[in-house]
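User: Could you take a close look at one helix of this chain and explain, step by step, how it sits against the rest?

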Amino acid sequence: MRYYRFLVLSCISYLLWACSPTFNWRDIPPGRVPLASLFPCKPDQASRVVRMADRETTITMLGCEAGGAMFALAYADVKDAASAGAALAQWRIATLATMRAQSSSEAPFVIKGAGPWPQSVQVQARGSRADGSPLAVQLVWFAAGTLVFQALVYADVAKPAESDTFFSGLRFP
């Protein structure tokens, strides 16, 4: 009798574990900005002050890990729409330098409701983490008004299906 109870409980535990999805996609409002986002897990949030577009700016980031990849969305208010393009370019250079990344492909990134900045791009690159281990990264930068955004997915190997889902989930209501 104990054996059967153990067997039944083991099967139920396995089924419950097997039913927990690796990517549990959910709409996450990123705070006080008018952007909808789709994350594969519940993101943590943090903020820090950096120098961007010649002023001190608070960057807020939401991020989580799922399926061996990190998904993150960051945004900042540069307070002047005319400086959004320069802020995007500066952010891109700083991010790629931090990851010691080499761009392998680049394309315009367009979201309905975002500004037509030429610095709004999608980049796929290879780089390395702080410990030197290899990194595949897919990133986008875009702006709307005075708000600038960066979204990224990084992992040991590129995850195009997951990053496409993540990036296509970014939208202005």
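Analyst: In helix α3 (residues 160-168), the buried residues are E162, S163, F166 and F167, where buried means under 20% relative accessible area and exposed over 50%, with partly exposed in between (1.4 Å probe, protein chains only). Seen down the axis of α3, these buried residues fall within an arc of 125 degrees, so they line one face of the helix; the arc is that of the directions from the helix axis to the C-beta atoms. An α-helix has 3.6 residues a turn, so residues three or four places apart point the same way. The face of α3 turned away from the buried side carries the exposed residues A161 and S168.

This is a predicted model, in which local features need pLDDT of at least 70 and side-chain atom pairs count only at pLDDT 80 or more, while totals for chains, interfaces and linings use all residues. Residues are numbered from 1 along each chain as its sequence is written, and side-chain values use heavy atoms, with hydrogens and water left out.

The buried residues of α3 pack against β2 (37-39), β5 (69-77), β7 (121-128), β8 (134-144) and β9 (147-155), contact meaning heavy atoms within 4.5 Å. Helices (H or I, at least four residues) and strands (E, at least two) are DSSP runs, numbered from the N terminus, and the chain has 3 helices and 9 strands, in the order α-β-β-β-β-β-α-β-β-β-β-α. Of the 173 residues of the chain, 43% count as buried. One of the strands that α3 packs against, β7, contains S128, which counts as buried at 15% relative accessibility.
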